[in-house]
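Hi,

Here is the structure I promised to hand over.

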Amino acid sequence: MRAWLHDLDGDGELTASVTHQGDSDDFDVAGLRSYAMRVGAFASQVMELADQLQATT
């Protein structure tokens, strides 16, 4: 996963882009914050599963 800012149109306005497993998306501020919330929720679920798995081994 990679995220960066860049000037898509060369007009000085920055856009946030995120690439994950070969798919790339561009976001405005609201979209990027929404995406971050979804990624954060997913990361929390993955960590909980890792804790559960560790507890059973």
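Q21 counts as exposed, because its relative accessibility is 73%. The cut-offs here are under 20% relative accessible area for buried, over 50% for exposed, and partly exposed in between, with a 1.4 Å probe and protein chains only. Before you read too much into any of this, note that it is a predicted model, where local features need pLDDT of at least 70 and side-chain atom pairs count only at pLDDT 80 or more, while totals for chains, interfaces and linings use all residues. Residues are numbered from 1 along each chain as its sequence is written, and side-chain values use heavy atoms, with hydrogens and water left out.

Back to Q21. You will find Q21 in the loop between β2 and β3 (23–27). Q21 is not a glycine, yet its phi is positive, at about 50°. The hairpin that β2 and β3 form has two residues between the strands, and Q21 takes its positive phi there. In space, the C-alpha of Q21 is 6.9 Å from the C-alpha of M1, although the two are 20 residues apart in sequence.

H20 is partly exposed, because its relative accessibility is 35%. Leaving out neighbours within four places in sequence, H20 is in contact with M1 and Y35, where contact means heavy atoms within 4.5 Å. H20 and R2 are 18 residues apart in sequence, and their C-alpha atoms are 6.7 Å apart in space.

So what about the buried side of things? S17 also lies in β2, which covers residues 15–20. Not counting residues up to four places away in sequence, S17 touches R2, A3, W4, H6, D25 and D26. The side chains of S17 and H6 are also joined by a polar contact of 2.5 Å. By polar contact I mean a pair of N or O atoms within 3.5 Å; within protein, one must be able to donate a hydrogen and the other to accept it, and residues adjacent in sequence count only if both atoms are side-chain atoms.

Now the overall layout. The chain has one helix and three strands, and from the N terminus on they run β-β-β-α. Helices (H or I, at least four residues) and strands (E, at least two) are DSSP runs, numbered from the N terminus.

The three strands make an open sheet in the order β1-β2-β3, with antiparallel pairing. β1 (2–6) and β3 stand at the edges with a single partner strand each, so one side of each has no neighbour in the sheet. From one strand to the next, the twist averages 20°; for such angles, axes are lines fitted to C-alpha atoms (for helices over the stretch in contact), and the angles run from 0 to 180 degrees between N-to-C directions. As a reminder, strands of a sheet pair through backbone hydrogen bonds, either parallel or antiparallel. Two strands are called paired here if DSSP finds at least two bridges between them.

How many bridges join β2 to β3? There are five, and these two strands run antiparallel. Across that pairing, V18 stands opposite D25 and T19 stands opposite S24. β1 and β2 also pair in the antiparallel sense, over five bridges, and there A3 stands opposite V18. β1 has five residues and the number buried is zero, so β1 lies largely in the open.

Finally, the whole-chain numbers. Buried residues make up 11% of the 57 in the chain. The radius of gyration is 16 Å, whereas a compact globule of 57 residues would be near 10 Å; this value is taken over C-alpha atoms, and the globule rule is 2.2 Å times the number of residues to the power 0.38. Along the principal axes, the C-alpha atoms fill a box of roughly 55 × 20 × 10 Å. Of the contacts with a separation of 6 or more, 5% are between residues 24 or more positions apart.

Cheers
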